[in-house]
Amino acid sequence: MIADPLFYLAAAPAVLLMGLSKGGFAGLGLLSLPLLALVVSPVQAAAIMLPILIAQDVVTVWAYRRAWDSRNLAILLPGAALGIGLGYLLAARVSDAAVALAVGAISIAFAVRRLVVERCGAPPPTTPGLAAGWFWGVVCGFTSMIAHAGGPPFQIYVMPQRLARDVFVGTGAVLFAAINWIKLPPYVALGQFTRENLLTSAALFPLAVLATWLGVLLVRQVSGERFYTAIYILLILVGLKLVWQGARGVL
């Protein structure tokens, strides 16, 4: 287990932010890996976080076990599995910075457009389409594997449907729980689940579970309309962060 106190000064807020994100405030978790990457390598940070994510997924899926959309999951999951496979095969050839830059720019454009449109009156909800769902599912799995940024593609596809708040969160919870389990074999193949990394993840489990329950409790205090506005704003902030991260890497 990592014994450096400096690591835990970064890990505690990283796990707290990921818990709030898993609880429903989608987007905050994208700040977790950069925080950990300040004290360990990005690859080790990702390996430490994956078991924590799986533990948090258990809490979130349980909390929203009666609120998720089966049609969206049936459309998105096959594409996400394909995207993870592509990400694993192309990891050495694809720049994660370029992926982050592209996802960030698309996220900002989408969120700003939706905010402008909805200020003029909420448009009618869309219905989940098979072709679009497969496309965004592949993007979701690919970006999750390459740049740990699977949330924005999911939001871009699902948010125009205007699902009920709990159904939106629950659908994302089940989807990303499945994605994280699918990502396990590639991480094992990459040799990242060392004894030190696994013990470090285990030491952070209690905080991870508490943070996720806190996120669930807080998000349920927000009305559906305010929730969507908050998620659009978070998506813009996440997009800006990805653009900044990607631009630095590309340049």
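Are K22 and D57 buried or exposed? Both residues are buried, where buried means under 20% relative accessible area, exposed over 50%, and partly exposed in between, with a 1.4 Å probe and protein chains only. The structure is a predicted model, in which local features need pLDDT of at least 70 and side-chain atom pairs count only at pLDDT 80 or more, while totals for chains, interfaces and linings use all residues. Residues are numbered from 1 along each chain as its sequence is written, and side-chain values use heavy atoms, with hydrogens and water left out.

The side chains of K22 and D57 form a salt bridge with an N to O distance of 2.6 Å; the term denotes a side-chain nitrogen of Lys or Arg within 4 Å of a carboxyl oxygen of Asp or Glu. K22 belongs to helix α1 (residues 5-23) and D57 to helix α3, so that the bridge joins distant parts of the chain, 35 residues apart. Helices are DSSP runs (H or I, at least four residues), numbered from the N terminus. By the stated rule, two salt bridges are counted. A salt bridge also connects D166 and R165, at 2.9 Å from N to O. D166 is partly exposed because its relative accessible area is 23%, whereas R165, at 19%, is buried. Side chains of opposite charge can pair when their charged atoms come close.

The largest nonpolar core contains 55 residues, and F7, F154, F168 and L175 have the most contacts inside it. Such a core is a set of buried Ala, Val, Leu, Ile, Met, Phe, Trp, Tyr and Cys residues joined through side-chain atoms within 4.5 Å. Helix α3 (residues 42-63) supplies the largest share of this core, nine residues. A second, separate core of nine residues includes L30, V99, A100 and V238. Apart from residues up to four places away in sequence, F7 touches I2, L36, V39, V40, I48, T200 and L204, contact being defined as heavy atoms within 4.5 Å. I48 is also among the contacts of S201, together with A47, P51 and I52, when neighbours within four places in sequence are left aside. S201 lies in helix α9 (residues 195-219) and is buried, since its relative accessible area is 1%.

Nine aromatic pairs are present. Rings of Phe, Tyr and Trp (its six-membered ring) pair if their centres lie within 6.5 Å; planes under 30 degrees apart count as stacked, over 60 as edge-to-face and the rest as tilted. The pair of F135 and W136 is edge-to-face because the ring planes stand at 75°, with centres 5.0 Å apart. F135 is partly exposed at 48% relative accessibility, while W136 is buried at 18%. Y228 and Y232 form a tilted pair, with 6.5 Å between centres and 50° between planes. Both tyrosines lie in helix α10 (residues 224-250), four residues apart, or about one turn of the helix, and both are buried.

In the loop between α7 (151-158) and α8 (165-189) lies R162. Phi of R162 is near 55°, a positive value in a residue other than glycine. Most residues other than glycine have a negative phi, and most peptide bonds are trans.

Note on methods:
Helices (H or I, at least four residues) and strands (E, at least two) are DSSP runs, numbered from the N terminus.
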